[in-house]
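Subject: Structure handover

Hi,

My notes follow below it.

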Amino acid sequence: RVVMLRMQRDGLIALPAPTRHMPGKYKIIETAASNAEPDVYCDIRELADLELQIVTRGANLRRWNEFVGRYHYLSYKMLPGAQLRYFMMNGERVLGAMGFGASAWMVAPRDNFICWTHEERERGLHLIVGQSRFLILPWIHCRNLASRTLSMVTERLPGDWQERYGFRPALLETFVDTTRFHGTCY
């Protein structure tokens, strides 16, 4: 779908008009569930109940979409293909959100690092999962929270992915906008 839409945008093909329109399908409606909360300052050692909560359909997914749409600098975007979302939780408090999905199709530095051929990349690309969103809510101020939750998700995601999609990923990738972030948590 993504490739065909890109080909149409580039003028290579002409697709038929959609047969139905789904109003509001991709629009995020902000509710009180994602309103800013008072600032929280804490030490990572104070978060004894820190856990990752997998996000599924329904109210949790709508809330995840709201938080990301409202507070992530890239906003919310519908992701194609396989994906998993998590809330970073401390008890009942949401500290942040993470989203993972299909890897980038071609990334020369990654592909050169792996040393695979074009054919090997086509066969193995599904084994790479890309982190598409990483958000610590703007009112949460806790040193090392990013590193801790990234460590937690690298342990948990392969099993969750296996359970949902029937295979275990071999590699996680992400991209850091170095004009905005240092990427030190990675």
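A contact here means heavy atoms within 4.5 Å. On that basis, I44 touches L50, C142, R143, N144, L145 and R148, leaving out residues up to four places away in sequence.

Some ground rules. This is a predicted model, where local features need pLDDT of at least 70, side-chain atom pairs count only at pLDDT 80 or more, and totals for chains, interfaces and linings use all residues. Residues are numbered from 1 along each chain as its sequence is written, and side-chain values use heavy atoms, with hydrogens and water left out.

**Overall picture**

The protein has 5 helices and 7 strands. These are DSSP runs, numbered from the N terminus: helices are H or I with at least four residues, strands are E with at least two. Starting at the N terminus, the order is α-β-β-α-β-β-α-α-β-β-α-β. The C-alpha trace spans about 55 × 45 × 35 Å along its principal axes.

Of the 186 residues, 33% count as buried. Buried means under 20% relative accessible area, exposed means over 50%, and partly exposed is in between (1.4 Å probe, protein chains only). The accessible surface comes to about 12,200 Å², with 54% of it belonging to carbon and sulfur atoms. Those areas come from the Shrake-Rupley method with a 1.4 Å probe; for residues, only the protein chains shown count as cover.

Take the contacts between residues at least 6 apart in sequence: 72% of them join residues at least 24 apart.

On charge, there are 24 positive and 19 negative side chains, and the centres of the two sets lie 7 Å apart. Lys and Arg count as positive, Asp and Glu as negative; His and the chain ends are not counted. Each charge is placed at NZ of Lys, CZ of Arg, CG of Asp or CD of Glu.

**Pocket and cavity**

Both come from a 1 Å grid over the protein atoms alone. A cavity is a set of points where a 1.4 Å probe fits but cannot get out. A pocket is an open set with protein on both sides within 12 Å along at least five of seven lines. Lining residues have an atom within 4 Å of a point. Grid points are joined across faces, edges and corners, and a volume is the space filled by probe spheres set on the points.

The largest pocket has a volume of about 1,600 Å³. It has 46 lining residues, and the closest to its centre are L74, Q131, S132, R133 and T174. Which element gives the most to this lining? β5 does, with 9 residues. α1 (2-9), β4 (93-102), β5 and α5 each supply at least two.

There is 1 cavity of 30 Å³ or more. The largest cavity holds about 50 Å³ of space. Its lining is W64, V68, S75, Y76, K77, L79, R85, S132 and R133. The elements giving two or more residues to that lining are α2 (59-71) and β5 (128-136).

**Buried sites**

H72 sits in the loop between α2 and β3 (83-90). H72 counts as buried, at 10% relative accessibility. Beyond four places in sequence, H72 touches F67, R133, F134 and L135.

R110 is in helix α3. Is R110 buried or exposed? R110 is buried, with a relative accessible area of 9%.

I44 lies in the loop between β1 (40-42) and β2 (50-54) and is buried at 10% relative accessibility. I44 and A146 are 102 residues apart in sequence, yet 9.9 Å apart in space, C-alpha to C-alpha.

**Backbone and loops**

Most residues other than glycine have a negative phi. Two sites to look at here:

- C115 is not a glycine but has a positive phi of about 65 degrees. C115 lies in the loop between α3 (108-114) and α4 (118-124) and is exposed, at 63% relative accessibility.
- N144 has a positive phi near 75 degrees. N144 is in the loop between β6 (140-142) and α5 (145-165) and is partly exposed, at 49%.

Last, G11. G11 is in the loop between α1 and β1 and counts as exposed, at 60% relative accessibility. G11 and D43 are 32 residues apart in sequence and 54 Å apart in space, C-alpha to C-alpha.

Best wishes
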